[in-house]
Amino acid sequence: MDMLWNGWGDPARATSLPDTVTGLLRDLLGVRPPEAEPLALEDIDVPADPLAPAAHRALAAALGDAAHVRTDAETRVRHTRGKSTPDLLRIREGDVSAVPAAVLLPAGHDEVLAVLRVCAEHGLPVVPFGGGTSVVGGLAPARHGAFVALDLRRMDRLLDLDPVSRTATLQPGLRAPRAEALLAEHGFTLGHFPQSYEWATIGGFAATRSSGQASAGYGRFDEMVLSLTLATPEGTLDTGRAPRSAAGPDLRQLVLGSEGAFGVITSVTVRVRPVPRIRVYEGWNFPSFAQGATALRRLAQDGPRPTVLRLSDETETLIGLAQPDALGSGTPQSAGCTAVAGYEGTEEDTAYRREHAAAVLRECGGTPLGEEPGRRWADGRYSAPYLRDALLDAGAFVETLETATFWSRVPELYAAVRDALTATLTEAGTPPLVMCHISHVYENGASLYFTVVSAQGEDAVAHWTRAKHAANEAILTAGGTISHHHGVGTDHRDWYVREAGPLGIDALRAVKRRLDPAGLLNPGVLLPAD
């Protein structure tokens, strides 16, 4: 099944907004329904296939069948950009300026190599495409002329499982739910559950340094990766042959987070863990975001650390976004900040961590809310993108951004980003509601995840672009990183260049020149195009 071409996920799961939310949007933010009727896919004017006949024939030969070179309008539209709000607004308006000339479907590593050789011969830029869930412009390259999307969906197998070492080798096009199902047949789990879980792929997780909602217990995806295979126009790069090594710099780190700019990931070996015997999620309330953040820091630094640990600020708690399936359910009793603590593992380990973590949470001012808020969060953990579509349909603008910093800088970063978003959008005539939660915790710091809702105004994309740029500037000034888990893409690229510094960028450019001399792999994503 394909995702909605102009929205998120399974069309059968599309949601609508309660009247209370529609009224709140109207009264608080001045949101009005769109005047124009939405476009149908068949109404979009897609340019004819611009592939040269010789390139088309060579690609079909590389893939073994012309059916694996798709140039029909619907397939190409479905591979246009990603799923950020600006991406969706553009496609809903019929903007196909970033449509690929063709969509290619390789079945394995050798076919990927063959495709890259053909593309190098014909000067065709290549955009690797997994689940299509990028929200940072990772699928809209800077290019002149035609480019192709390399859809990895046929590369969707569990290649190997080593129960003794607890490792699994997976192909990049394997979607996360299918990967979990295959591993569960052997009694294992990856434990990686980001909000994009239902549609994102293994290769995408590696290429963007993804972080799942249970990262406090299972770690980030890049911490799970033991080895990778990368197909490049210059050949194959294999990285990692032991769980840890002192044999020089770790080349895996060049591939992780490279976003298709250096090559195409064709297999990933990850560590896996036994499927937990029990999962328990519970809610806590804190009088303030600062007190809740202190509690999370204590658990992250001194333990016992829950598997899931997150904290919504006062605004997010009041609106009800801490439990996405209950949007708009906030009441005056929703004062303060809601935290969710989740525990996965054996009965004994879970009971121990839960009891001792509760003592820390109480000591920091937390009040237990029982398991109901935790269950509601778990049940609705993947629903926010569907709510985003409903908000867009209603005429609202909603988008997210995230960053991370050290614990001592969290208050400054939180205030700086919130103020930058509020000031910029208010000046544009679309005053926003800005919400935030701590989504991932570490011994030394945490991630902040912001959600912004406003009226769309006359030009929602332009308004957001100015606000996002202001937020990016605030992030760098306050000492945060430009991305914690969404990646760089084109949206963050110019700020990533400043974060990495001139010498660092020059070093990465040298790597790209060696692996991709013609600069055809996702040009302009991660690094500025030459």
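# Structural briefing: pockets, sheet and cysteines

Asp45 is placed in the loop that connects helix H1 (19-29) with helix H2 (53-63). The model described here is predicted. With a relative accessible area of 66%, Asp45 is exposed, because exposure is assigned over 50%. Asp45 and Leu448 are 403 residues apart along the chain, and their C-alpha atoms are separated by 40 Å.

**Largest pocket**

- The largest pocket holds about 690 Å³ of space.
- Its lining consists of 23 residues, and Pro34, Leu89, Glu93, Leu392 and Gln456 are the closest to the pocket centre.
- Two or more lining residues come from each of helix H4 (85-92), helix H15 (384-393) and helix H17 (460-477).
- Among the contributing elements, H4 gives the most to this lining, with three residues.
- Sorted by class, the lining of the largest pocket comprises ten charged, nine nonpolar and four polar residues.

**Second largest pocket**

- About 580 Å³ of space is found in the second largest pocket.
- This pocket has 30 lining residues, and those nearest its centre are Arg209, Arg220, Thr481, Ser483 and Glu499.
- At least two residues of the lining are supplied by each of helix H10 (252-255), strand S16 (396-406), strand S18 (445-455) and helix H18 (493-500).
- Strand S16 gives the most to the lining of the second largest pocket, with three residues.
- The class composition of the second largest pocket's lining is 14 polar, twelve nonpolar and four charged residues.

**Seven-stranded open sheet**

- Seven strands form an open sheet in the order S15-S12-S14-S13-S17-S18-S16, and their pairing is antiparallel.
- From one strand to the next, the twist averages 20 degrees.
- Strands S16 and S18, both members of this sheet, also supply residues to the lining of the second largest pocket.
- In general, strands of a sheet pair through backbone hydrogen bonds, in a parallel or an antiparallel manner.

- Strand S5 (residues 158-162) and strand S6 (residues 167-170) run antiparallel and are joined by four bridges.
- Across this pairing, Asp160 stands opposite Thr169 in S6.
- Four residues lie between the strands of the hairpin, in which Arg166 takes a positive phi near 60 degrees.

**Cysteines**

- The count of disulfides in the model comes to zero.
- Cys364 is in no disulfide: the nearest cysteine sulfur, that of Cys337, is 14 Å away, whereas a disulfide requires the sulfur atoms to be within 2.5 Å.
- Cys364 counts as buried because its relative accessibility is 12% and the cut-off for burial is under 20%.
- Cys119, at 1% relative accessibility, likewise counts as buried.

Terms used:
Residues numbered from 1 in each chain as written. Predicted model: local features only at pLDDT ≥ 70, side-chain atom pairs only at ≥ 80, totals over all residues. Heavy atoms only, no water. 1 Å grid on protein atoms, 1.4 Å probe; cavity = no way out; pocket = protein on both sides within 12 Å on 5 of 7 lines; lining within 4 Å. Points joined across faces, edges and corners; volume = space filled by probe spheres on them. Nonpolar A, V, L, I, M, F, W, Y, C, P; charged D, E, K, R; others polar. Buried < 20%, exposed > 50% of the residue type's maximum accessible area, 1.4 Å probe, protein only. Pairing = 2+ DSSP bridges. Axes fitted to C-alpha atoms, helices over the stretch in contact; angles between N-to-C directions.
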